[in-house]
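This report is written for a reader meeting the structure for the first time. Please keep the sequence and the three-dimensional view at hand while reading.

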Amino acid sequence: MPGRTLKDTYMAKSMSDLNKLVEISKQKLGNNPKLLIKTSDTMLKGAEESDMLGDEEKAYVLFMRFFHIITAVKKMPEYRKQKEFYDKLIGQKNVMKCLDKAETLSKSLKNRYDFSEAQEIAKKLSSLEESASEEKKSDEHSDVEAEIRSDEDTKKSLSKESTPEPEAAPPTQPQGQITPVQLFSLLNETDEQMAIMDVRPTAEYEESHIRHRTCISVPAEIVSPGTTVTVIEKALPEDSKSLWQRRGHLNHIVLVDWSSTLDKVTIGTTLRTLKDALFKYDSTVIIRSEPVILEGGYDQWLYHYPQLTTNPHIKHSSVPTISSAPSLDFDYPDDINVDDILNPKKTENSPDLSNSLLQFSQGMTDQSEAIKQLPQVNGDMGRMMPRIDRSTKPKPGTNQNAPQNRPITTSVTSKESSDLYPSMSSLASPSRSLNGSERSNAVPESSKITADDSVSLESKSNSALSKYSEELEKEKAELEHIRQQKAEELASFQKEKERIAKERESRIEKLKHEENQILNMEQMKAVQAKDLADLLRKKKKLEEDIRKETTAGLREEERKYQEEEARKVELARVQQEEEDKQQRMEAVMRLRQERKKKEAGQDAVSSAHHQANQIEEENQQKLREASERAEKLRQENERKKLAEQRDKEAREKATEEARRRDQERKEREAQAQIDARKRQQEEQQRQKEERNVLERAKQEKEREEKERKIQEEKSRADMALRLAQDKMKRLNDKPQVRTIPSPNLPEGWEKQRDNKTGRYFYVDHRNSRTQWEPPMIFQPELRKDTGIQDPLRTPQREVYKTKLKDESEQGRSGGLKRSFSSPDISKLMEDDGHIKPNLPSVDRTKKPSQRVEPRPQPASTRPRNLNPTYGNVGSALTGLRNLGNTCYMNSIIQCLNNCAPLVQYFLTDRYLYDINRDTGPDSSGYQVVDEFVVIVKALWSGQYRNITPRDFKYIVGKYQPMFAGYDQQDSQEFLTFVMDGLNEGLNKVKVKPKLPDSDSDKLPDIQAAELAWRRHCLIYQSIIVDLFQGMLRSTLMCLTCRHRSVTFEVFMYLSLPIPSGSRCSLQDCLQEFVKAEKMTGSSRWKCPNCRVERDAEKKIDIWKLPPLLIIALNRFVWEGMWRQKINSFVDFPVNDLSLDKFVRGPSNNSHYQLYGVSNHYGTMDGGHYTAYCKNAVSKKWNKFDDHEVFEMSSSEVKTSAGFVLFYTTVNFTAPTYRQPF
């Protein structure tokens, strides 16, 4: 499109990678063609919009997905049944437009990908050329340095008679470190996620560091030996924490200090400590790759890329400066006058001295760059040269161990400097130097030289010159030998250099060859894609031709059929005319015969009859001929029609066979790819699970051993305390307790009377417990205003009266007392058995049957792994640890734990009378109840700051594999499973009856609802039913005959849709929930009155609300093939929720108070669950974020993260938690 700006590529690097994003799995497609066509329209609009905006990658993906969805729709059986209908919905022009656009975008994207790849290759080649030029310069520099080696090391090598070792090949880059050049290339790659951690002190980091967004400061002062990532993170600078916390998502982590290399990073150093803390000992975050060390540290980075630093002029004080210039600090002996030697008086004994000195000077020029700079020999300059005493020169080989006065300082190491730059002090006496004042004295002034001195010098030097000339000849020969050796070394080095250059050229050629191969492969892929598009177009054209031929054939058949019908009509008309004509002829003949009989007699009649017969025969002959022609024409038409039908079937069969083979091939390829990815994922998951299992087994074993020891000690202490308490109680209460027999008590219970108060109490000998209430007397009603039974079955309270201390007994005896002076005769007779007491008469025939009371069924004792953190906190203020994405479970547990009636039911062990353990050991119900009770009692004990619900998660995951792993799950699904498990485990109906089907359409709604509730209670009777379950009325009405069908359904919680918009109220969600819905198309209702599928209207109403109402907001919805989250703010009331206008059943108390909220933060890809709960003891709101618990205000409860709401019509009171006596 002219004038548009193309966006940079960001989704892929090649067409093959981009085509992988086009693929859509069959599971996501589904089986609803109308929904898929609607989704494809949305994709087509998005593709056109992206194309207009210049986003070619997104447009190409959406166009291809549109084509794949339409192809999948055409393979569905619904499409074959209503082909014309779906073709109109799809639009053939859209498909052709999609293919043309996709082909155009494919060519454009391929060119752009090729250009990007060429740029990357060019960058790599340029970096190779730069490195080659740098190596070439370093080689030339090394050649120059090799030519100026000193004489002392040369003599050492000659004395050892060793040949020079060949230059070693450059070492390969060791693992664990990265060069500045490699780091620079990584920084230029935009898709690389990495971090550069600079461990230099904070002041030096702020003064200068690598100028890049991934560079952070981790000062060495916070990285002490043996530290952990938690300690480091707490002391990190604020600017470094964000990237530090994302270290688990980074591909590379580079550690930097001033000048360390991999061999210097040993145990105890800062870099090694930080590396081990990140890679080995971090149990919270697992990084993707091992951290690497920047080779040479920040010094090398400053040397290579000073422009990529914040301050390139910084100097590291701890690194000594190294001079690259060679030192010329060598000494001259001062025994003889050099002026006389360089300008001698020619005598007979020294005719060739000047030539010898010139040759010596020339030899020294070839060997030393420093001597090369000496001035030419002449009279003026000779006066400034020092005097040399050659008589004190050591013999060859005797100065190997002589100390050097001052070593040469270069940019290489000391060993290399001794090889490349030997000291020149071997030419002079080792005990003499030109340092300080001695050097100034070594050069005499010309004013001090006299004629006598010159004569004396001549006489002294004549004898020494011959000796010096011989030594100079020997030195010349030695130096010539050394020069030859160096020339040979230089030649070998040059050969090695040429070999390296050839290898480098071969590598470059190989890279270019690989680049050409990649380009050829991309071209082949483009050709294949083009061929595929051509085949698709040809296939479409062939299908269009077949359709046209089929249409033409049908038209031809219609025309022939009409012609045949016309011929049949014409034939019938001809036959009718012949019959009419024959009838007229017969009438004429009869008239003629009658007339001829009258006129001519019998002969005329016979002739007329003969003539009429001839005419009749002619007409019949014509009729037979017409019938034969019609029959032949009909047979010919049938033969043509049969031949055309066979040709059409053959073409359709060939087309279908080709399509089937192509589809099978594609399916096999797709299945192979899916299987390969699946196997790879399964292998990775299996390895990960094995590691996790081993680690968890080790940790659990240690925790179990520790817990076992603690539990044993605690059990022994509790047992000793209980025995002591029981013993003291028996000693204190024995004289005051009287046992009262009671046959109505359960087994193991005993009724006793307290003489001090006159009250009766009950003793459970099995559990060594006592209580004031009888064990089986229950209060029938929970509240008088509602008809809900009390699920807690609170023991009935009795009123006891006791006598006051100063109360007299005159009221009963009238103030008179029996005198004890005479014996009580009636008492004596009763004791002797003379007087028999009057016994009441009892009719045993009317004795009621013995009542069978339910017995508690306690769970089998086994150790629980709560792993608590001890601390005194309030009731229900204990947190739950996150076991790995288990915040959804913690949020729901905390909301249910703050439901006071349910908690009271568990804390008082009333559930033991209802728990259903008769369903077998594999039943999930009672096991979920047992583990949930353990969690509730621990949360209400107030002894722990937090606990670990590992056993509860294990039981839930055992019977619902969805929750067995450690992936993020939906808290609503978890709530459904837990509530169903509690309902099954606490169900009083041990054997569920089989109920017959009931027809309640003819009953009034009130009677039908009561009948449905009674049928439900015949199957389920539990505290969950009493507290949490309500009833809905579902009405279906046929839009044709207006027939209505009403059913009543029990619900555990209301799942409300959220209207579109950024803000709405809970009343809006309820209004959307009860809104009527049209059922058309594939969801039409088969009306029992019409007995065919009809369009219908469905409406759901709330009939009955429970005491405790749970409302779930549908924040996760399907939009086409993708599931999205609705983040709209839903305004829900906290103090007074009135649902009167939504309830259609008998009026009851429908005003609710909020006591819990489960929140979800984040998106579909990842998020976090928390809980807001109102404490029944303190009446304050608290925030539960896994193991952390905070107090909060009621104004903070309403947020856009509200997911599941918990309401109550009951005023919660603090539950009691009875400890055993």
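The sections below begin with the whole protein and then turn to individual helices, loops and cysteines.

## The protein as a whole

The model described here is predicted. Its secondary structure comes to 32 helices and 30 strands. The protein has 1221 residues, of which 35% are buried.

## Helix 27

Helix 27 covers residues 924–940, a run of 17 residues. From its first C-alpha to its last it reaches 24 Å, close to the 24 Å expected at 1.5 Å a residue. The helix is mostly covered, with 14 of its 17 residues buried.

Gln927 is found in helix 27. Its relative accessible area is 13%, and because buried means under 20%, Gln927 falls in that class. The C-alpha atom of Gln927 is separated by 7.1 Å from that of Ile955, although the two residues are 28 residues apart along the chain. Just after helix 27, Gly942 takes a positive phi of about 75°.

## Helices 28 and 29

Helix 28 (residues 950–959) packs against helix 29 (residues 971–985) at an angle of about 90°, and their axes are 12 Å apart. Helix 28 and helix 29 are therefore roughly perpendicular to each other. On the helix 28 side of the contact are Phe952, Val956 and Tyr959, which meet Phe974, Phe977 and Val978 in helix 29. By class, this contact divides into 6 nonpolar residues, no polar and no charged.

The 15 residues of helix 29 should span 21 Å at 1.5 Å a residue, and the end C-alpha atoms are 21 Å apart, which agrees. Helix 29 is mostly covered, since 11 of its 15 residues are buried. Among the buried residues are Phe974, Phe977 and Val978, the residues of helix 29 that meet helix 28. Others in the buried set include Ser971, Gln972, Gly981 and Asn983.

## Helices 9 and 14

A further helix pair is formed by helix 9 (residues 180–188) and helix 14 (residues 297–304), whose axes come within 10 Å and cross at roughly 70°. Angles of 65 to 115 degrees count as roughly perpendicular, and helix 9 and helix 14 are therefore described in that way. In helix 9, the residues Pro180, Val181, Leu183, Phe184 and Leu187 meet Gln300, Trp301 and His304 in helix 14. The contact of helix 9 with helix 14 has 6 nonpolar, 2 polar and no charged residues.

## Thr270 in helix 13

Thr270 lies in helix 13, which covers residues 270–279. With 25% relative accessibility, Thr270 counts as partly exposed. Leaving aside neighbours within four places in sequence, Thr270 is in contact with Val199, Ala220 and Val223.

Pro219 is 51 residues from Thr270 along the chain, and the C-alpha atoms of the two are separated by 9.4 Å.

Most residues other than glycine have a negative phi. Against that background, two residues deserve attention.

Arg1091 has a phi near 65°, a positive value in a residue other than glycine. The residue lies in the loop between strand 18 (1085–1086) and strand 19 (1093–1094). Arg1091 is exposed, with a relative accessible area of 68%. For Lys1179, phi is near 60°, again a positive value in a residue other than glycine. Lys1179 lies in the loop between strand 27 (1167–1174) and strand 28 (1181–1185). With a relative accessible area of 45%, Lys1179 is partly exposed.

## Cysteines

How many disulfides does a search of the whole structure find? The search finds 0. For Cys1041, the closest cysteine sulfur is that of Cys1090, at 3.4 Å, too far for a bond. The reason is that a disulfide requires a pair of cysteine sulfur atoms within 2.5 Å.

Cys1041 counts as partly exposed, at 26% relative accessibility. Cys215, by contrast, is buried, with a relative accessible area of 8%.

Methods:
Residues are numbered from 1 along each chain as its sequence is written. This is a predicted model: local features need pLDDT of at least 70, side-chain atom pairs count only at pLDDT 80 or more; totals for chains, interfaces and linings use all residues. Side-chain values use heavy atoms; hydrogens and water are left out. Helices (H or I, at least four residues) and strands (E, at least two) are DSSP runs, numbered from the N terminus. The expected span of a helix is 1.5 Å times one less than its number of residues. Buried means under 20% relative accessible area, exposed over 50%, partly exposed in between (1.4 Å probe, protein chains only). Axes are lines fitted to C-alpha atoms, for helices over the stretch in contact, and angles run from 0 to 180 degrees between N-to-C directions. Angles under 35 degrees count as roughly parallel, over 145 as roughly antiparallel, 65 to 115 as roughly perpendicular and the rest as oblique. Contact means heavy atoms within 4.5 Å. Ala, Val, Leu, Ile, Met, Phe, Trp, Tyr, Cys and Pro count as nonpolar, Asp, Glu, Lys and Arg as charged, and the others, Gly among them, as polar.
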